[in-house]
Each structure stands twice: as C-alpha cells, then as structure tokens.
Amino acid sequence: MKIVVKEVGKCAEVKEVEKLELSDMQRLVGGFIQPVYMDDIIIWCNDEGKLYGLGVNIVLADKELSKAYDTLNGNIFFTNEEEGSEGLSEQQVQLILEKVNNGAFTFTQDHQMIPVLGIY
C-alpha cells in the first residue's frame, strides 16, 4: 500500500508498505499516534510531539492559508481514509506531494522552511 512520509526538515516521499499495524504506525512517528483529517486523507502524527519538543514539521491553517491553527511536530505520514484500502491513490499522492513539497511555506526563527497545509 502507498503512503507518504514526511520527516522533520525533509521533503515528503512516497513509500510502499505491506501493511500498517499499530506498531508500524507508532514506529513511523516515534510514539503514540494521533490522526488529523484532511478531506479523504488522514495525517498521522506523534500525539506527544509538542510535549517532547520534537521539531515542527507542518503548520495547519485554514483553507485560505490566512490563519495558522496548529503545528504537527515530529515525523508524520499520510494514508487514505478508507479502511482496508490499497493505500493512497495516485491523485492523492500527487496532491500531498504538491502541497507539502511545493506549496505554501513559513519560516521558523532559525530560518527553517515549514510547509503550511490548509485543512480547516
């Protein structure tokens, strides 16, 4: 099944995985998982990423990208919302890669580029 993985400070990339058990999902984010819903896609993040001071990976904003609401800290990955699916469709993969790797960005105080996703 196809997923998209985005590590802190790196571009998002497509990965093929056999299956995604809870332990696989926790390994990908480095801890407990939390879903964030983006239309028919789920972004999985580390539930305690902010608590442990993990690096900011993505800024979540409104659809117009005019107001930031939250950050996802630590590594994240994207899956299809449909349970039991074959993973992300090619259209979903292209949408994610375009928004995360080539979309809107903001900068941290130490001049790191952080992608901004409009999901609210």
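Q: In what sense do strand S3 and strand S4 pair, and over how many bridges?
A: Let's start there! In this predicted model, strand S3 covers residues 33-38 and strand S4 covers residues 41-46, and the two pair in the antiparallel sense over six bridges.

Q: How many residues lie between S3 and S4 in the hairpin?
A: Two residues separate the strands of this hairpin. Have a look at Asp39 in the turn, where phi is positive, at about 55 degrees, although Asp39 is not a glycine.

Q: Where does Leu65 lie, and what is its phi?
A: Leu65 sits in the loop between strand S5 (56-61) and S6. Its phi is near 60 degrees, a positive value in a residue other than glycine. With 41% relative accessibility, Leu65 counts as partly exposed.

Q: How is a pair of aromatic rings described?
A: Now for our case. Searching the whole structure gives one aromatic pair. The ring centres of Trp44 and Phe77 are 6.3 Å apart and the planes are at 20 degrees, so this pair is stacked. The cut-off behind that word is planes under 30 degrees apart.

Q: Which strands hold Trp44 and Phe77?
A: Trp44 lies in strand S4 and Phe77 in strand S7 (residues 76-80), so the pair ties together parts that are 33 residues apart in sequence. Both Trp44 and Phe77 are buried.

Q: What about Asn73: is this residue buried or exposed?
A: Buried means under 20% relative accessible area, and Asn73 has 9% relative accessibility, so Asn73 counts as buried. You will find Asn73 in strand S6 (residues 68-73).

Q: What does the side chain of Asn73 reach at 2.9 Å, and with which side chain does it make a polar contact at 2.8 Å?
A: At 2.9 Å, the Asn73 side chain reaches the backbone oxygen of Leu54. The polar contact at 2.8 Å is with the side chain of Thr71.

Q: Which residues is Asn73 in contact with, leaving aside neighbours within four places in sequence?
A: Among them are Asn46, Gly49, Lys50, Leu54 and Val56.

Conventions. Residues numbered from 1 in each chain as written. Predicted model: local features only at pLDDT ≥ 70, side-chain atom pairs only at ≥ 80, totals over all residues. Heavy atoms only, no water. Helix = DSSP H or I, 4+ residues; strand = E, 2+ residues; numbered from the N terminus. Buried < 20%, exposed > 50% of the residue type's maximum accessible area, 1.4 Å probe, protein only. Polar contact = N/O pair within 3.5 Å; in protein donor to acceptor, adjacent residues only side chain to side chain. Contact = heavy atoms within 4.5 Å. Pairing = 2+ DSSP bridges. Phe/Tyr/Trp six-rings, centres within 6.5 Å; stacked < 30°, edge-to-face > 60°.
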